[in-house]
Amino acid sequence: ITLTLDGRIGAAEAFQLSDVCVQMVAENVLSPPIVDEKLQSTRFMTLKDPVVVSGEETKRLDSVLLLVNTAMLSHVGLYSGGTNAPIGGNVKKTSGALLGKTRKRILAALEKKDGSEVLSELCDFDVLLAIDALIGKEESEKLCLLVRKYARGQKKGTVINEQLKLTLRSVLGE
């Protein structure tokens, strides 16, 4: 798989070898590219047998024809933030720090009695990573265990203890 990235806008595309390419290698139709110092690129490949490309028979093949575009799916899973995740994300793109609105949402959820809302807010890998940088290793491990338990469906009985709530309040700026 090959990824291309447009650094100006952040757009990315993924490519992989086509089934035809794999078959051509299996049938020994493709010869390994000749490494020549004078060549600027190995984009074009020399074939052992001629193939038909655009109605013409050739032994010189553009390697781009052997690639197919591969779908890149956004992360969907237990720690993706779920349907409540904001479109712009919960963390700053440059530093990975929590956004102010995310901090406020977590702090507001900490004030609620049942604690499930705060665990729901924390079911986002980016949020967990940002909080991990703010708290100690032991607290981070406890928090991750609770979030994992909650994300896997064990919602009843999964609560954040007062010590962990206090730690979160102090690092999130209350």
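The following legends accompany close-up views of a predicted model of one protein chain.

**View 1. Overall layout of the chain.** The predicted chain holds 6 helices and 5 strands. Along the sequence, these elements follow the order β-β-α-β-β-β-α-α-α-α-α. Of the 174 residues in the chain, 29% are buried.

**View 2. The largest nonpolar core.** This core comprises 24 residues, of which I106, V118, L122, I131, L143 and I160 touch the most other members. At least two residues of the core come from each of the helices α2 (100-110), α3 (116-122), α4 (125-132), α5 (137-151) and α6 (162-172). The greatest contribution is that of α5, which provides 5 residues. In soluble globular proteins, nonpolar side chains tend to be buried together.

**View 3. The surroundings of V118.** V118 is one of the residues that touch the most other members of the largest nonpolar core. When residues up to four places away in sequence are not counted, V118 touches I106, A109, L110 and I160. Two of these partners, I106 and I160, are likewise listed among the core residues that touch the most other members.

**View 4. The buried side of helix α4.** The buried residues of α4 are V127, L128, A130 and I131. These four residues lie on the same side of α4, because the arc that they cover around the axis is only 165°. Among the elements that cover the buried residues of α4 are α2, α3, α5 and α6. I131 is also one of the residues that touch the most other members of the largest nonpolar core.

**View 5. A nonpolar patch on the surface.** L17, V22 and L67 together form a nonpolar patch on the surface, with about 250 Å² of accessible area. Of these residues, V22 is found in helix α1, which spans residues 19-26. V22 has a relative accessible area of 49% and is therefore partly exposed, since the term exposed is kept for values over 50% and buried for values under 20%.

Notes:
Residues are numbered from 1 along each chain as its sequence is written. This is a predicted model: local features need pLDDT of at least 70, side-chain atom pairs count only at pLDDT 80 or more; totals for chains, interfaces and linings use all residues. Side-chain values use heavy atoms; hydrogens and water are left out. Patches are made of residues with over 30% relative accessible area and no salt bridge: like charges are joined within 9 Å, nonpolar side chains (Val, Leu, Ile, Met, Phe, Trp, Tyr) within 5 Å. Accessible areas come from the Shrake-Rupley method with a 1.4 Å probe; for residues, only the protein chains shown count as cover. A salt bridge is a side-chain nitrogen of Lys or Arg within 4 Å of a carboxyl oxygen of Asp or Glu. Buried means under 20% relative accessible area, exposed over 50%, partly exposed in between (1.4 Å probe, protein chains only). A nonpolar core is a set of buried Ala, Val, Leu, Ile, Met, Phe, Trp, Tyr and Cys residues joined through side-chain atoms within 4.5 Å. Contact means heavy atoms within 4.5 Å. The arc is that of the directions from the helix axis to the C-beta atoms.
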